[in-house]
Amino acid sequence: MQEAPIIIETVIKAVAIVLVFSAIAGFTTYIERKILAFMQRRLGPMNVGPYGILQIAADGIKLFTKEDIIPSKAVRAVFMIAPIITAATAFIAMAAIPFLPTFEIFGYTVHPIVSDVNVGILFVLGVMATGMYGPLLAGMSSANKWSLLGGARTVIQLLSFEVVTGLSILSPLMMVGSLSLIDINNYQVGGITNWLIWQQPVAFVLFLIAAFAEVNRTPFDLLEHEAEIVSGYATEYSGMRWGMFFIGEYANMITVAFLVSIVFLGGFGDGGLLGGLAVVGKAMFFIFFFLWTRAAWPHIRPDQLMWFTWKVLMPVAIINIVITGFVMMF
Amino acid sequence: MSLEQFKNRNVGTQNYVPLDLEMPPSDPWDKFTQVVKRTFKGELFVGLWIVFREMVKFDIHTVQYPQEKLPIGPRYRAVHKLLRLLESGYERCIGCGLCEKICISDCIRMDTKIDENSRKEVTEYSINLGRCIFCGYCAEVCPELAIVHGGRYENASEQRAHYVIKDDMLTPLDFLKDQEEFPGFGAIIPGSDADVKKTPTAY
């Protein structure tokens, strides 16, 4: 009977995370359209509600009421499951991330993390890597050549960048000596100078580049490259199933933004109110950065991506690990 | 954009900037140095800075169309208008039928009769806009500047027959004071009086 409150608390936290972050993911689509528009000297959505803010509601209604078409030659079961994998893994990955410092409300201490597993960052990266199955299965089951190409590109991109993600995060982890994100955060308590970015700038840049690939954002959005493969793995999807791919993508963006802020930029520091605001601000900056690069940078070709990953990023990451190891040893 | 720029249709070289491009690298070492140079040149950050600057400057170029419209050139050829004489308010059209004759898509029809003053009066005048190609020959050929092209380019209507009968095109009598002399297609070029030469009689 001792475990009942913990279970209830966990369920409440899980539901809260899903609700809050799907709402934020929806809102991010609006922000993205607005920021992209401003950067291209346009106005963006303006007609639905004041400054087009109700565009989210209009899009939501459209997605929910749109016909859910399943192509007759598609593999039905796989086709239907694929978007659920993307959305689910995106939210499951959030389970091990401390979004805010511990705070007290009505005399009850709340830990804003669903479960502080001791392999936190490994869990997050592992679940996000599992998310690869969403686009892959969608691409293979759609009976469409564009989808198939999108699925193939998913595999080459995500498999390549998993290597860089793992290797680049390894050197900060060697310094911290723990995989728990709360431990990583606590390692950096004590002001800006203690942030891991100053000790591991190369790892920070590598991880950021790999993060772009993990969440399929612009320099590396080969999966649904409109100019080449229509809409990639999502070509045959419509309605809410397509919407789930999108919610998954934006939820992944938020996860990665929090991950970078916690691992390299000090997270919430010692855990006051200011720290909570700081971590949200840092995460918001990275989400803005994702949109910013989308406005500024071109895509790269798949062969350039492979070249870049295996011939540039991976050697740099390994050299970084070796140097970190030597510095720690002597 | 000023109207002068808008009206300048001369395609010249004034808008082109010649680029100083290097030849692509041939041997592996050149390729490598090019990669290193491009990596540390910071061009990606130039791109980021430019879009960020544009966002902060907030110099928005969107035209929110139904609320605001771009100016159109005076020689734009949209739905036709039939003009009236400015002083008397009589119709300018003398029923000569030249427009009907010159119309290459054969979409103008007019009916005329002799009225009580022994003048030709136009009873019916219609343009089939479904066929009209807006070539402007009718406005050009009209000796009285009666049929001209207007600026009304929003042709959405419940019925195809709208806009095309005489009452729709003719300036209403009570709006006569708002009728402006047409500067556009088929109008007399300003200063053309000076170009008129006397007919040589020396033959």
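**Grounds for the terms used**

Author: In chain A, 76% of the contacts with a separation of 6 or more are between residues 24 or more positions apart, where contact means heavy atoms within 4.5 Å. This is a predicted model, in which local features need pLDDT of at least 70, side-chain atom pairs count only at pLDDT 80 or more, and totals for chains, interfaces and linings use all residues. Residues are numbered from 1 along each chain as its sequence is written, chains are lettered from A and ligands numbered from 1 in the order in which they are written, and side-chain values use heavy atoms, without hydrogens and water.

Reader: What makes chain A as compact as a globular protein of that length?

Author: The globule rule is 2.2 Å times the number of residues to the power 0.38, and the radius of gyration is taken over C-alpha atoms. For 330 residues the rule gives 20 Å, and the radius of gyration of chain A is 20 Å, so chain A is as compact as a globular protein of that length. Its C-alpha atoms fill a box of roughly 60 × 55 × 50 Å along the principal axes.

Reader: Why does Q55(A) count as buried?

Author: Buried means under 20% relative accessible area, exposed over 50%, and partly exposed in between, with a 1.4 Å probe and protein chains only. Q55(A) has 15% relative accessibility and therefore counts as buried. Beyond its neighbours within four places in sequence, Q55(A) is in contact with R33(A), P45(A) and V48(A).

Reader: Why is P302(A) also called buried?

Author: The relative accessibility of P302(A) is 19%, so P302(A) counts as buried. Apart from neighbours within four places in sequence, P302(A) is in contact with R153(A), I156(A) and L222(A). P302(A) lies in helix α13 (residues 302-329) of chain A; helices are DSSP runs of H or I with at least four residues, strands are runs of E with at least two, and both are numbered from the N terminus.

Reader: What makes a set of residues a nonpolar core?

Author: The set consists of buried Ala, Val, Leu, Ile, Met, Phe, Trp, Tyr and Cys residues joined through side-chain atoms within 4.5 Å. The largest such core has 78 residues, and I121(A), L181(A) and F264(A) have the most contacts inside it. Helix α11 (residues 239-264) of chain A gives the most to this core, with twelve residues. Among the residues that I121(A) touches, beyond those up to four places away in sequence, are I169(A), L181(A) and V263(A).
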